[in-house]
Amino acid sequence: MSRIYYVSAPDFGKHLVRANTPHQAIALVAKEMFHVRVASQDDIVYEISHGNKVKEVLNPTPEELAAVEENQQ
C-alpha cells in the first residue's frame, strides 16, 4: 500500500513523495539530488588525506528490520 511521505532535510528542501516505504521515498529524492559512482583510487587518496573517512553500510539484522516495520505502523 502506498502512502505519501514528507521528505525533508536542512539544505535539501521539502518533498511530498508517494511510495510504498519511507526508504523508497528517500531514495527517489536522493536520486534527484546526488550523483553516485565508484570511487577511483585518486578519489580515495584525496578524500582520506583531507580527513574524510570511509563510511560502511552494514546489513541490518532481522530484528532491526522488524523494528523498522513496527515503527511504520
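Predicted model: local features only at pLDDT ≥ 70, side-chain atom pairs only at ≥ 80, totals over all residues.
1. Residue R3 is placed in strand β1. With a relative accessible area of 36%, R3 is partly exposed. The C-alpha atoms of R3 and L16 lie 10.0 Å apart, although 13 residues separate the two along the chain. For N20 and R3, which are 17 residues apart along the chain, the C-alpha separation is 6.1 Å.

2. Strand β1 covers residues 3–9 and strand β2 covers residues 13–19. The two strands run antiparallel and are joined by seven bridges. One of the paired positions may be checked directly in the structure: A9 has G13 of β2 as its bridge partner. As a general point for the student, side chains in a regular strand alternate between the two faces of the sheet.

3. D11 counts as exposed because its relative accessibility is 80%, and the cut-off for exposed is over 50%.

4. N20 belongs to the loop between β2 and α1. Its relative accessible area is 44%, and N20 is therefore described as partly exposed. Which residues does N20 contact, once neighbours within four places in sequence are left aside? They are M1, S2 and Y5.

5. The largest nonpolar core consists of six residues: Y5, V7, V17, A19, A25 and V29. Strands β1 and β2 and helix α1 (22–33) are the elements that give two or more residues to this core. In soluble globular proteins, nonpolar side chains tend to be buried together. The surroundings of V7 may be followed in the structure. Setting aside residues up to four places away in sequence, V7 touches G13, K14, H15, V17, A25, I26 and V29.

6. F12, M33, F34 and V36 make a nonpolar patch of about 410 Å². One of these residues, F34, is placed in the loop between α1 and α2 (41–49). Is F34 exposed or partly exposed? F34 counts as partly exposed, because its relative accessibility is 48% and exposed requires over 50%.

7. How many salt bridges does a search of the whole structure find? The search finds one. In this salt bridge the side chains of D43 and R37 meet, with a distance of 2.6 Å from N to O. The two partners fall into separate accessibility classes: D43 is partly exposed at a relative accessible area of 25%, whereas R37 counts as exposed at 53% relative accessibility.

8. The C-alpha atoms of H50 and A25 are separated by 32 Å, and the two residues are 25 places apart along the chain. A25 is one of the residues of the largest nonpolar core.

Note on methods. Residues numbered from 1 in each chain as written. Heavy atoms only, no water. Pairing = 2+ DSSP bridges. Helix = DSSP H or I, 4+ residues; strand = E, 2+ residues; numbered from the N terminus. Core = buried A, V, L, I, M, F, W, Y, C linked by side-chain atoms within 4.5 Å. Buried < 20%, exposed > 50% of the residue type's maximum accessible area, 1.4 Å probe, protein only. Contact = heavy atoms within 4.5 Å. Patch = residues over 30% accessible without salt bridge, like charges linked within 9 Å, V, L, I, M, F, W, Y side chains within 5 Å. Areas by Shrake-Rupley, 256 points an atom, 1.4 Å probe, with all protein chains shown as cover. Salt bridge = Lys/Arg side-chain N within 4 Å of Asp/Glu carboxyl O.
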